[in-house]
Each structure stands twice: as structure tokens, then as C-alpha cells.
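Here is a short briefing on packing, rings and the chain interface. Please have a look at the model first, and then read on.

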Amino acid sequence: MAEPFLEIENFTVAYGENVIMHDVSFTVNKEDVFIIMGGSGCGKSTLLSVLTGLKQPVKGSEKFVDKPFWGNGATKADRDILMRKAGILYQSGALWSSMTLAENIAMPLEQYTTLCASEIKDIVALKLDLVGLGGFQNFYPAEISGGMKKRAGLARALALDPEVVFFDEPSAGLDPISSKNLDDLILQIKENMHTTIVMVTHELPSIFAIGTNSIYLDAQSKTIIARGDPKELLRNPPNQILAHFLTRGEK
Amino acid sequence: MQAVVTLDVRQDFSAELNFSGEWLIGNIIKNRDTIIAALEKPDFKRLVFNGKQITRWDSQLTAFLAHLIEVCRKNKIDFALNDFPAGVDSLLNLAFAVPMHQEVTKTARQISFLEELGKIVLDFWEKTKDVCLFLHRVNASFARFFSHKAVVRKKDLLLEIQRAGAEAFGIVSLICFLVGLILAFVGSIQLKLFGAQIYVSSLVAISITRVMGAIMAGVIMAGRTGASYAATLGSMQVNEEVDALKTMGISPFDFLVLPRALALSLMMPLLVVYADLMGILGGAFVGLFMLGLSPEDYIRMTMKALLMRNIIIGIVHGAVYGVIIAICGCYQGMNCGRNASAVGAATTSSVVYSIVWMTIATAVLTFIFSVCGV
């Protein structure tokens with residue numbers, strides 16, 4: 001029996017009077033690789049901002065491991081505590097440019113644990129090794145490539161051994177090989193650390209390679225028009241829009 | 001060679017548009033306006049576009065054809081394209097494949113004076129609320145800092161202190177030395193008329209210490225450090241670094257604004273004292289080497305004019321400017337949009353607002369000190 005990890009009910013999200021999406025409800029189960037897909041401009045990244053507490057929904061509620069995150073009396077303090085169970089990999093990596101990679105990864109450890117400096121150093125080295133950046137501790141973000149920044153961002157996201165990792169278009173700007181390597185890395189992390197993955201993407205190879213469950217946000221109707229295992233959705237698309245998207249417009 | 005188009009209207013309410021010549025961007029289209037005018041008020045029902053005599057073509061031809069087709073459709077003229085070069089038809093089909101998105105077409109709407117005024121007032125009100133909220137958050141951050149609850153890396157604070165202090169010495173030295181020199185030089189021209197060159201030293205000492213040193217240091221720091229705060233924080237917004245802090249539960253005010261505000265507020269009074277010293281040295285350069293005053297006389301007169309009261313007034317000005325510059329720079333950076341031009345705009349606004357608020361603060365402080373009799 002799948003155990004719910006994130007439960008979203010009736011989200012309506014807007015910028016001022018401009019409604020981006022409405023009546024969005026879905027559940028992410030524990031250890032899912034949950035894909036939020038949709039065409040450009042459908043509000044995928046905005047939805048991720050809401051899920052991670054950066055943007056407030058106009059309406060609706062979110063439960064994070066059975067605890068209220070949005071709605072039902074949840075406060076910012078509650079969200080801050082719950083977000084310690086989460087890691088986020090931003091589209092650009094979002095590494096703090098004035099810090100070395102080691103300092104970037106050490107930051108959440110210094111903030112939320114009582115580990116001593118040498119223990120933190122060991123954990124930082126391990127996380128960098130996990131993402132294939134062992135030895136890059138003292139490099140600044142400006143000194144490494146785009147793909148390496150994403151991997152370093154992932155190492156930072158994994159610093160506190162999160163229960164869930166949110167990814168905002170991790171493959172954007174990567175060549176196909178680097179993109180596949182990143183997908184493999186995400187799968188390994190999920191399998192070895194039993195992490196739940198929530199990923200915003202429109203990269204079809206990534207969606208089919210790692211996705212176990214998904215929703216499709218439609219820019220026209222501004223809501224979810226399909227949900228399920230992406231491979232199953234490809235075999236039996238419930239509507240023409242999704243068939244068009246999953247086959248790059250060939251069907 | 002020109003791009004030529006001619007219209008041949010027949011008796012049976014049909015017409016033929018004959019295209020000839022080189023239809024290349026940059027070539028003038030002969031009869032362009034006449035043809036469009038004829039199609040707008042047509043005395044024919046069918047039109048054939050004939051492209052047999054076209055020798056060379058590029059987007060100029062397809063753009064003109066697309067325009068004519070729109071006019072034909074609007075005026076319900078049946079049309080057909082004959083003998084056009086291969087590719088023209090395909091490009092036109094591609095151009096008309098997706099109908100124009102009428103729902104997103106923006107039209108400029110006339111806004112009345114009252115509507116415009118109301119918008120300005122509402123924008124001003126929103127901005128004022130925004131600034132008050134920012135100041136409240138900065139205050140809360142300072143409160144957390146003094147109760148040891150704020151997340152401030154000692155290394156970051158020291159780095160900001162170094163940047164706002166020691167690294168600014170070079171530019172402050174140069175500008176304030178030159179300002180002292182200019183003041184002395186301009187003053188000496190008038191004082192020479194009365195044989196009172198020696199009072200150049202008093203003029204420089206009083207003006208520099210009371211307000212000029214602080215103003216010069218403030219303007220330099222607004223352009224140098226305040227702008228750098230806005231650009232750095234703005235770039236961090238663009239790169240989602242601020243979002244990364246927020247989602248990690250770390251207050252960007254504690255982590256980014258506090259060290260900068262603290263560093264500049266601490267360093268500005270010290271920079272003002274240093275600026276005073278450099279200004280007085282600039283004045284001495286003119287006094288000693290251009291007016292021929294003796295060092296003993298110059299130092300004696302300067303010491304006589306140097307009042308602790310004036311020095312403190314200058315330092316108070318400097319401290320206030322430090323807070324203003326830090327607030328303006330950080331506010332603009334933290335409220336920056338998420339694109340490159342927004343970072344540029346934030347940087348410019350930071351300098352402009354810093355200087356405007358410094359001027360207002362100077363007027364207020366001068367009034368207060370005058371009322372208090374100092």
C-alpha cells in the first residue's frame with residue numbers, strides 16, 4: 001500500500017489577478033519519482049515554488065507527511081521546520097557564489113545540526129563524492145561548469161539527508177550525456193537513500209527514464225488534465241494534448 | 001534593380017498584379033502605396049498575383065505578399081498566386097498556419113489624467129508599505145543579531161567590513177584630497193584680495209570637518225559600495241540564491257542584509273574621519289606650495305579652527321549616511337526583478353535614492369543642529 005508523502009488539495013495559484021492554475025489536487029507517495037510535466041508557461045515552476053513554501057496559494061491545502069504545510073492553520077514556522085526534511089535543486093544550481101562548494105554544502109549542516117567542524121568536513125566530502133565532485137571542495141561556483149554546478153547543487157540539497165528532493169528542470173542546459181548521467185544519479189540516490197523525488201521537467205527522455213508517477217498541467221485549461229505513470233500515459237494517452245506532448249507533436 | 005509591381009484591371013471585374021525585378025530587402029518597391037490603396041477600395045472581385053518576372057527574392061517579397069493577402073481577405077477579394085518562385089508558397093503557408101492570437105494582442109488604451117494620478121498615488125502607497133516592511137525586517141534582524149539569534153557568518157561580516165572600510169581608502173583618499181585642494185584654491189582667490197591667505201586653513205578645516213568630508217565620503221560610498229550591494233543581491237535574486245536561503249529556513253535579511261548594513265554603519269564614521277584628514281591635507285598642499293604659507297602657521301591656524309563639535313557633527317552625518325546607503329542598496333537588491341536589466345535598474349536606483357536621501361538627511365540634520373545651537 002503506497003504511503004502518501006505530499007497531499008495537495010484544490011490549489012489555486014495566481015499572480016495578482018492572473019490565475020496561473022486552479023483546482024490542482026494530487027498525491028505524491030513515498031519513494032515516488034513524481035514528475036510535474038507540461039508545456040512552457042503552464043506554471044510548473046510556480047507550482048514548485050508553492051510546494052516548497054516560497055509562494056502562497058490563493059486557495060487549497062498541502063500536507064507534508066501528514067502535517068499541514070499550507071492551510072489548516074499552518075504557519076511559516078511550521079513550513080520552515082518541515083522544509084528541513086526537503087532538499088531543492090534549482091534550475092541554475094543556485095549555489096551561493098561567495099562560498100566554496102564545501103561551504104555551500106556545509107551551510108545547512110552548520111545551521112541545523114550540532115556536528116563539529118571535522119564531522120561536517122567528512123559529510124561534505126562524502127556528499128561531493130556521491131555526486132562525482134570529490135576534490136572540488138575549495139572551488140567556487142564560478143570556477144566549475146554548468147553540469148558540475150547542478151551536481152554540486154544536488155550535493156547541497158542532500159546535505160541533511162532529506163526525505164524528499166525537489167528538482168526544477170534539472171536537465172535544462174545540459175547535453176544529452178550529462179542529462180542521462182544526472183538521471184542515473186537521481187535514481188541511485190532515490191534507491192539508496194529511499195528519497196522521494198518531485199521533479200518539474202518537460203524533458204521526455206528523463207520523464208520516461210525515471211518517472212514513476214506524474215501529472216500533466218495544461219496551459220490552456222490551467223489545471224491537471226492527465227495523471228499516472230508516464231510510460232502508461234504514453235501507451236494510452238487520455239487526451240490529444242498529452243499524446244501530442246509525449247510524442248513531440250507526432251500524434 | 002528595383003522591385004516593381006503593377007496592377008492591370010480588366011473589364012470583367014478581375015485584375016492581375018504583376019511582380020518583376022529584384023525583390024530584396026533594401027530595394028524600393030515601386031508603386032507600393034498605390035497598389036495597397038487600390039486593394040483597399042477595389043473595383044474588381046478577383047485578383048491574380050503573377051510572379052513570373054521576379055529575378056531574385058527574399059523576405060521582402062513574402063512580407064509584401066502577406067500584407068496584400070491580408071488586405072484581400074479583409075476586402076473579400078478572391079485571389080490566386082501564379083508562377084511564384086519555389087519556396088514562396090511554403091513560407092506564406094507557414095506564416096498563416098497559426099492564426100493571430102487576438103486574445104493576447106495588446107492595444108494602447110487612453111488613460112485619463114485622474115486615472116494616471118490615482119495609479120501614481122496607489123503605486124506610491126504600495127511602495128511606502130513595501131519600504132516600511134523592509135525596514136521592519138531589517139530592525140528585526142538587528143534585534144536577532146544583538147540577542148545572538150541571527151545566522152551571520154563571522155567571515156562574511158569581516159569581509160564586508162574590509163570591503164566597506166579598508167578597500168575604500170584609495171578612492172576616499174584621492175577624492176577628499178582633491179576636494180580639500182579645490183576648496184583651498186577657490187577660497188584663496190578671494191582671501192588673497194584682503195591679504196588673508198592664512199585663513200585658507202580655517203576655511204578648509206571647518207568646511208571639511210563639519211559636512212564636506214561626510215558628504216564626499218557618502219557620495220563615494222553610495223556609488224561604490226551601495227551600488228555593489230544592489231548589484232550583488234540583485235544577481236543573487238536572478239540566480240535563485242535568495243530562494244535557496246529562504247527554502248532552507250535561513251533569513252536572507254540575517255544572512256545578506258545584516259552584515260552589509262552593519263559593516264557600512266560601522267565603517268562610515270571612520271571613513272568620515274579619514275576623509276576629513278585627507279581634505280585637510282589637500283588644503284595644506286595649496287597653502288604650503290601655492291600660497292607660500294609656513295607649515296607652523298598653517299598647522300597652528302588649522303588646529304585653532306578644528307573644533308571637536310564640528311568633527312562630531314561630521315561623524316554623525318557619516319553614520320546616518322552609512323545607514324541610508326546600506327538600506328537603499330540592500331532594498332533595491334532584495335526587491336530586484338529576475339532579469340539582467342532589472343539588476344542594472346536596481347543598481348542605478350540604489351545610487352539615486354542614496355544621494356536623494358542623503359541630501360534630505362543633511363537638510364534635516366543641519367536644521368536640528370542649528371536649532372540646538374551647535
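How many residues of chain B are in contact with chain A? In this predicted model, 16 residues of chain B are in contact with 20 residues of chain A, where contact means heavy atoms within 4.5 Å. Local features need pLDDT of at least 70, side-chain atom pairs count only at pLDDT 80 or more, and totals for chains, interfaces and linings use all residues; side-chain values use heavy atoms, with hydrogens and water left out. Residues are numbered from 1 along each chain as its sequence is written, while chains are lettered from A and ligands numbered from 1 in the order in which they are written.

**Interface**
- Between chain B and chain A, the buried area is about 1,600 Å², and carbon and sulfur atoms give 58% of this; the term stands for the accessible area (1.4 Å probe) that two parts lose on being put together, summed over both.
- On the chain B side, Glu240(B), Thr247(B) and Met248(B) lose the most area to chain A, together 36% of what that side buries.

**Nonpolar cores**
- A nonpolar core is a set of buried Ala, Val, Leu, Ile, Met, Phe, Trp, Tyr and Cys residues joined through side-chain atoms within 4.5 Å; buried means under 20% relative accessible area, exposed over 50%, and partly exposed in between (1.4 Å probe, protein chains only).
- The largest core has 95 residues, and those touching the most other members are Phe26(A), Ile36(A), Leu47(A), Leu51(A), Phe64(A), Phe166(A) and Phe134(B).
- Helix α9 (residues 252-289) of chain B gives the largest share of this core, 16 residues; helices (H or I, at least four residues) and strands (E, at least two) are DSSP runs, numbered from the N terminus.
- A second, separate core holds 41 residues, including Val124(A), Leu154(A), Leu182(A) and Ile189(A).
- Leaving aside residues up to four places away in sequence, Leu51(A) touches Phe26(A), Ile36(A), Glu62(A) and Phe166(A), among others.

**Covered elements of chain A**
- Strand β6 (residues 86-89) of chain A is covered on both faces, with Ala86(A) and Ile88(A) buried on one side and Gly87(A) and Leu89(A) on the other.
- β6(A) pairs in the parallel sense with strand β7 (residues 164-168) of chain A over four bridges, where pairing needs at least two DSSP bridges; Leu89(A) has Phe167(A) as its bridge partner.
- In helix α3 (residues 101-112) of chain A, nine of the twelve residues are buried, among them Glu103(A) and Asn104(A).
- The cover over these buried residues includes α4 (117-130) and α5 (146-157) of chain A together with α5 (154-164) and α9 of chain B.

**Aromatic rings**
- There are 20 aromatic pairs over all chains; rings of Phe, Tyr and Trp (its six-membered ring) pair if their centres lie within 6.5 Å, with planes under 30 degrees apart counted as stacked, over 60 as edge-to-face and the rest as tilted.
- Phe5(A) and Phe64(A) form a tilted pair, 5.7 Å centre to centre with 55 degrees between the planes; Phe5(A) lies in strand β1 and Phe64(A) in strand β4, 59 residues apart.
- Phe5(A) counts as buried because its relative accessibility is 1%, and Phe64(A) is buried at 0%.
- Arg156(A) lies over the face of Trp96(A), 4.2 Å from the ring centre; a charge sits over a ring if NZ of Lys or CZ of Arg is within 6 Å of the ring centre and within 35 degrees of the ring normal.
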